[in-house]
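This report examines a protein chain through its salt bridges, its paired strands and its pockets. Please keep the sequence and the structure in view while reading.

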Amino acid sequence: MTVSIENEFLKATFKEHGAELISLISKDSGNEAIWQADPKVWGRHAPILFPIVGRLKNDEYRYQGKTYHMTQHGFARDKDFMVVEQKAASVSLQLTDDEQTRQVFPFAFELTVNYQLLDNQLIVGYQVHNPTTNDLYFSVGGHPGFQIPLTSDTAFEDYYISYDPKKTRVQIPLLGAYNDAEHKTLASTDTDHDLSHELFKDDALIYELHQQNTFTLKNDQNKSAISVTVPNAPYTGIWSPYPVTGNVVCIEPWWGIADNIAASGELTEKMGINHLAANETFNGKFMITVHQQRAF
């Protein structure tokens, strides 16, 4: 099942399965901004990462003396959400724990994903609520994939990544599937990065954030561009598949991160983990802005 919202500028469509954004079309041009999930390259559009971001060491973690198995990015992207509210330009979808989730994640939770169109922007909100008197430990993140080039008169290599504010950022390298924060460096994000598939040969570019940041995919041939603004996420990853390549770039706000190479395996000690006490609620959001595009 799918659900759509729209305003004067944009039409957005989502799957109830995974609460996944599958289309974001500019009404002025008719152009599609979201990657259309070619399974030969990357078979998703914009999955929601919960209750972990990235990979666990050995795909497992420990909590209160028990070991649990969980694969990369968690299970929310493969679960059916329920539409709990819908208006013309907004929709909210919710996932709650069940017998199946508790076998791999022994917590009660309410994950609500809120989508709202405002002018030429899609606001994505994640709300995690702890409905019990027990603690809740989790990570959450977005993984929207953008179809680059955005127009037929440009190519993938015509685009570049522009960073705002223009400043250096701490970059966390990956060693295999795990973060190697002990060897983090300062990245030259005070300048633009030309887009190429080889830019991602060592996997995602992961930045540690301490303020609002905007990451923009743009070109100099026309005004077509996509921006992702991240107000408060501690990390953002930028990724494109390699060595199997395609015309997709993901800009991923994360409230969590893959296990550190030295991770103990204890969930409560996991790098970037979030904690909610009884009846507390977490809120995170990011914004996707569709800039003016030429028609195909």
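A salt bridge is a side-chain nitrogen of Lys or Arg within 4 Å of a carboxyl oxygen of Asp or Glu. The model discussed here is predicted.

**Salt bridges**

By this rule, 12 salt bridges are counted.

| Asp-78 | Arg-44 | 3.2 Å |

Are Lys-270 and Asp-259 buried or exposed? Both residues are buried, a term that stands for under 20% relative accessible area.

The side chains of Asp-78 and Arg-44 also meet in a salt bridge, at 3.2 Å. This pair links distant parts of the chain, 34 residues apart: Asp-78 belongs to the loop between strand 6 (66-69) and strand 7 (82-87), and Arg-44 to the loop between strand 3 (20-26) and strand 4 (48-49). Asp-78 counts as partly exposed because its relative accessibility is 41%, and Arg-44 counts as partly exposed at 22%.

The partners are separated by 204 residues, with Glu-266 in the loop between strand 24 (248-255) and strand 25 (274-276), and Arg-62 in strand 5 (residues 60-63). Glu-266 has 26% relative accessibility and therefore counts as partly exposed. Arg-62, at 30%, counts as partly exposed as well.

**Paired strands**

Strand 9 (residues 110-118) pairs with strand 8 (residues 90-96) in the antiparallel sense, over seven bridges. Within this pairing, Thr-112 of strand 9 stands opposite Gln-94. Strand 9 also pairs with strand 10 (residues 121-129), again in the antiparallel sense, over nine bridges. Here Glu-110 has His-129 in strand 10 as its bridge partner. Two residues lie between strand 9 and strand 10 in their hairpin, where Asp-119 takes a positive phi near 55°.

**The largest pocket**

The largest pocket holds about 330 Å³ of space. Its lining consists of 20 residues, and those nearest its centre are Gly-54, Gln-72, His-73, Asp-203 and Trp-239. By class, the lining has 11 nonpolar, five polar and four charged residues.

Definitions and conventions
Residues are numbered from 1 along each chain as its sequence is written. This is a predicted model: local features need pLDDT of at least 70, side-chain atom pairs count only at pLDDT 80 or more; totals for chains, interfaces and linings use all residues. Side-chain values use heavy atoms; hydrogens and water are left out. Two strands pair if DSSP finds at least two bridges between them. Helices (H or I, at least four residues) and strands (E, at least two) are DSSP runs, numbered from the N terminus. On a 1 Å grid over the protein atoms alone, a cavity is a set of points where a 1.4 Å probe fits but cannot get out, and a pocket is an open set with protein on both sides within 12 Å along at least five of seven lines; lining residues have an atom within 4 Å of a point. Grid points are joined across faces, edges and corners, and a volume is the space filled by probe spheres set on the points. Ala, Val, Leu, Ile, Met, Phe, Trp, Tyr, Cys and Pro count as nonpolar, Asp, Glu, Lys and Arg as charged, and the others, Gly among them, as polar. Buried means under 20% relative accessible area, exposed over 50%, partly exposed in between (1.4 Å probe, protein chains only).
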